[in-house]
Structures are given as structure tokens and as C-alpha cells.
Amino acid sequence: MDIVFYIVAALCLLGGLAGCILPGIPGPPLAYAGLLLLQVTGRQPFTVSSLIFWAILVVVVQLLDYLTPLWGTKYGGGSRAGKWGCIIGTFVGIFLFPPWGILWGPFAGAVLGELMAGRDTGVAFKAGAGAFAGFVFSTLLKVILCSYFIFLFIHSFF
């Protein structure tokens with residue numbers, strides 16, 4: 001039975017890594033589920049405190065995934081309209097224009113929000129660039145965390 005858990009855990013970890021990029025797949029939670037599946041096998045390679053710490057990391061990274069584009073918009077000089085545009089653009093991009101919409105939605109939303117608020121084109125594009133940078137940063141965090149989980153999985157066999 002352990003072999004089934006190993007296979008499903010490996011699939012969860014690989015799916016989690018793919019979910020860092022693909023919309024609709026919660027990458028870090030799926031990869032964490034893979035670690036939990038490994039834990040229920042006869043191996044039990046992780047301590048409870050490690051699992052709790054990683055669960056907290058997953059929650060933090062998931063929250064940052066939504067917040068960093070907003071912070072990027074603010075850092076890029078965006079106004080409240082730009083932040084709302086970023087939020088709306090993110091959701092529109094995810095659901096209406098996958099997979100590229102998740103990449104360009106925050107940028108386009110922030111730019112359109114700023115332009116609709118009457119801001120200068122240069123300021124609007126700077127806010128959009130901040131939203132894009134925030135998205136790239138959050139994606140990088142998710143990839144690093146999922147890659148670390150894959151490393152732990154592989155390391156547990158040696």
C-alpha cells in the first residue's frame with residue numbers, strides 16, 4: 001500500500017510544481033499534500049513540528065500570491081484605482097483568459113484602473129509594471145517552496 005502512497009505523493013508534488021504556473025491548480029497546497037501522503041507511509045520522515053512549519057509557509061505563500069501584485073502596484077506609484085484594477089484584472093485573467101491571463105491580468109488591470117482614474121499613461125504603466133513584478137515574485141516564491149518539497153521527498157528515500 002505504501003507504493004500507492006509514494007506514487008500519489010510524487011504526482012501531488014509534480015502537480016504542485018505545475019500549479020505554480022498554471023491557473024486553477026493550487027501549487028503549494030497540492031505539493032504539501034504530497035508530503036503529508038509520504039508521512040502516512042511506513043517511512044514517516046518528518047517531525048510534526050516540521051509539518052506544522054511547512055503548513056504555515058504554505059498559507060503565507062498563498063496569501064502573498066494575492067498580495068504581492070497589489071504591493072507591486074502600490075510600489076509602482078499606483079493609486080487605489082490601480083490596486084482595484086489589479087485585483088479585478090487578476091480574476092478576469094484567471095477565469096477568462098487562461099493561461100496567459102494570469103500573467104497579464106494584474107498588469108492590464110492596474111494600467112486600466114489608473115487610466116480610468118485619469119492618471120498619466122506613464123504612471124499607469126509604471127503601476128502595471130509593479131503589479132507584474134509582484135506576480136513574478138510570488139510565482140518565484142511558490143516555485144521555490146514546491147521545489148523544496150520535492151527535494152524533501154527525494155531526500156527521504158536516501
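How do the residues lining the second largest pocket divide into nonpolar, polar and charged? They come out as nine nonpolar, one polar and no charged, where nonpolar means Ala, Val, Leu, Ile, Met, Phe, Trp, Tyr, Cys and Pro, charged means Asp, Glu, Lys and Arg, and polar means the others, Gly among them.

Before going on, keep in mind that this is a predicted model, where local features need pLDDT of at least 70, side-chain atom pairs count only at pLDDT 80 or more, and totals for chains, interfaces and linings use all residues. Residues are numbered from 1 along each chain as its sequence is written, and side-chain values use heavy atoms, with hydrogens and water left out.

Back to that second largest pocket: its volume is about 150 Å³, a volume being the space filled by probe spheres set on grid points that are joined across faces, edges and corners. A pocket here is an open set of points on a 1 Å grid over the protein atoms alone, where a 1.4 Å probe fits, with protein on both sides within 12 Å along at least five of seven lines; lining residues have an atom within 4 Å of a point. Helix 5 and helix 6 each put at least two residues into this lining (helices are DSSP runs of H or I, at least four residues, numbered from the N terminus).

Now for the largest pocket, at about 440 Å³. Its lining takes in 26 residues, with Asp65, Tyr66, Ile94, Ile102 and Lys142 nearest the centre. By type, that lining splits into 18 nonpolar, six polar and two charged. Helix 4 is the top contributor, with six residues.

So what does helix 4 itself look like? Helix 4 runs for 17 residues and spans 24 Å from first C-alpha to last, close to the 24 Å expected at 1.5 Å a residue (1.5 Å times one less than the number of residues). Its buried residues (under 20% relative accessible area, 1.4 Å probe, protein chains only) are Gly82, Gly85, Cys86, Gly89, Thr90, Gly93 and Ile94. Looking down the axis, these fall within an arc of 155°, so they line one face of the helix; the arc is taken over directions from the axis to the C-beta atoms. That buried set packs against helix 3, helix 5 and helix 6, with contact meaning heavy atoms within 4.5 Å. Turned away from the buried side are Arg80, Ile88, Phe95 and Leu96, which are exposed (over 50%).
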